[in-house]
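Thanks for coming. I have one model to go through today, so please have the sequence and the structure open.

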Amino acid sequence: MKKNKRKSYIIPLKIEKRVHSPFSDIVKIKTKSNGQGVIKAFLVFGIIAIQMLLFILLHSAFMLSFKWTALITFILSLITCIYALSSNKNSQSKAVWIIFLLLFFPVAYIFYLVSDERLLMVGARRKFLKTFNSSKDLLKPDLKEIQNKNILNDCTYLYNAGGFLPFNDTKAEYFSSGSSFFDDVIEKIKNAKKFIFIEFFIVADGVLLERILSVLKGRAKNGVDIRIIYDDMGSHRVLKRKTKKMIRRAGIKLKPFNKVLPFFSASLNYRDHRKIIVVDGECAYTGGCNLADEYINVKRMHGYWKDSGIRIDGKGVNSFTLMFLRQWEFLVGSKEDYSLFLSQNTKVVGQSIFVPYADGLDYKENIAKGVYENMIASAKQKIYIMTPYFIVDDYISNMLKVKAMSGVDVRIIIPELPDKAFVYGVTRNNAEKLLSFGVKVYLMKNSFVHSKILLTENSLAIGSVNMDLRSFYQQFECGVFTDDESVLEKVTKDFENTILDSQLITEKNKLRNHLIYRAFAGVMQIFAPFM
């Protein structure tokens, strides 16, 4: 067989010429907030706090009444520590929990047990497994051959970890901004004839939602099956009740994921962070964008909002259709005939590999983290990361250090403007720790970077997955893994343009030079597993 030579797209180490960017002069715009949403949030979490306080008081009273209770609870906490060490939690999370269990042993073991996914998600996982097994044989690998042997291990991992199939006969279009992403989405849904599936962490009232709903209403009148899943935590302050009623009145099916209720439950921490749009089974979208105005820069809260996304066309779209329908069936509880929605699209011909994948507590493995680890481990020339948050465990951090010291070009782009000050402090601290090992870290000026991209010389992972522990362990995520040269080239070009409008962090200008910052970041690092 003739050896397939692939291009390698490497950004030159020295960029002499700088071009003016439209993002240079950014003014923060104060936007209106949903007052009812704020009140609801305070009420819900206030009631939960009262429940927790009453529980602690009752438990304390019980301990005072029975002298052996303290010893028993201490023994139970020690047993729980051993149980925690045997879990698949990351090492940082285990350390925090063990400290908590030993310091607050009278009640801590109860809080751990009611928050442990091995116990908490037993019923949910059993329900999802039933849904998954009923649909796992609907897709067959549409694959001629994986010509790029550099990604064979990645594809094998995705299949073994979650049953995700690699596809040829699929093509893609990359979008380097939220506005171009949603412009394309709107054009596609205008022509929908069968169904439109939408799943987002945030669905918010505003200009963007009005534009999309104006099209969806028309499609619903023409009999198109339209379904929307939104995360109730992500949308609770920004999606009004009257908007939800209007959507349902228009004939659009609307379903919240994990409703925020005023009852103490650690399951409130598990969120649907996926970003999926499927149109007629012919095309599917994913990326960093949520359905809200800041993603198209109509509303600016943290300077220019830098985001990205991808559209795939062809046989690989069926994987996203299944992801959505499985989640829908899980939430609604009614059985779906999946075969009605799977496309037999034969118009797209291609040789590149596309593997759409999902992650979440419904899978045994931490799939998204595994994808990133495999890509970093196999990279020989470059590793480019664009992420809003950089909160990783020691394993990934050490891998990046080793790669950089081995001569691999490792670059990380993070925001200059934070959306969450505490999280940003840990992000900067973690990224700056890598500087002395040869990793190059950039701040995109006057901007908040929300893109979620990992790029090597051979492959790309793009989707909803942040480079942080929440995405790796606690949230429902999705993405696309591909080796498509055209897409890799466009993403590389986007990196080039973004770096031109970014500042390189050096040993001289890093925040870690300041003692107060290091102390603050060190304290906040303790809570990193929960950020």
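I will take the strands, then the salt bridges, then a patch of surface charge.

A few conditions apply. This is a predicted model, in which local features need pLDDT of at least 70 and side-chain atom pairs count only at pLDDT 80 or more, while totals for chains, interfaces and linings use all residues. Residues are numbered from 1 along each chain as its sequence is written, and side-chain values use heavy atoms, with hydrogens and water left out.

Strands, then. Helices (H or I, at least four residues) and strands (E, at least two) are DSSP runs, numbered from the N terminus. Buried means under 20% relative accessible area, exposed means over 50%, and partly exposed is in between, with a 1.4 Å probe and protein chains only. Two strands pair if DSSP finds at least two bridges between them.

Start at strand S8, residues 309-314. Six of its six residues are buried, so S8 is largely enclosed by the rest of the structure. Which strands pair with S8? S1 does, running antiparallel to S8 with six bridges, and so does S6, residues 283-287, antiparallel with five bridges.

Now go to strand S13, residues 440-444. Here five of the five residues are buried, so S13 too is largely enclosed by the rest of the structure. In a regular strand the side chains alternate between the two faces of the sheet. In S13, Lys440, Tyr442 and Met444 point one way, Val441 and Leu443 point the other way, and all are buried. Strand S12, residues 409-415, runs parallel to S13 and is joined to it by five bridges. Met444 is the bridge partner of Pro415.

Pro166 is in the loop between helix H7 (152-162) and strand S1 (170-175). Buried or exposed? Pro166 counts as buried, because its relative accessibility is 9%.

Next, salt bridges. The criterion is a side-chain nitrogen of Lys or Arg within 4 Å of a carboxyl oxygen of Asp or Glu. The count by this rule is 20.

Arg311 pairs with Asp313, with the closest N and O atoms 3.0 Å apart. Arg311 is buried at 11% relative accessible area, and Asp313 is buried at 8%. Arg227 pairs with Asp225 at 2.9 Å between the closest N and O atoms. Arg227 is buried at 3%, and Asp225 is buried at 19%. In Glu507 and Lys510, the closest N and O atoms are 2.7 Å apart. Lys510 is buried at 14%, whereas Glu507 is partly exposed at 39%. As for networks, salt bridges that share partners join Asp225, Arg227, Lys253 and Glu336 into one.

Last, the surface. Lys217, Lys221, Arg241, Lys245, Arg248, Arg249 and Lys259 gather in a patch of positive charge. Patches are made of residues with over 30% relative accessible area and no salt bridge, with like charges joined within 9 Å and nonpolar side chains (Val, Leu, Ile, Met, Phe, Trp, Tyr) within 5 Å. Which helix supplies the largest share of the positive patch? H11 does, with four residues. Helices H9 (207-221) and H11 (241-249) each supply at least two. Lys259 is in the loop between strand S4 (253-257) and strand S5 (276-279).

Methods: Accessible areas come from the Shrake-Rupley method with a 1.4 Å probe; for residues, only the protein chains shown count as cover. Lys and Arg count as positive and Asp and Glu as negative; His and the chain ends are not counted. The place of a charge is taken as NZ of Lys, CZ of Arg, CG of Asp or CD of Glu.
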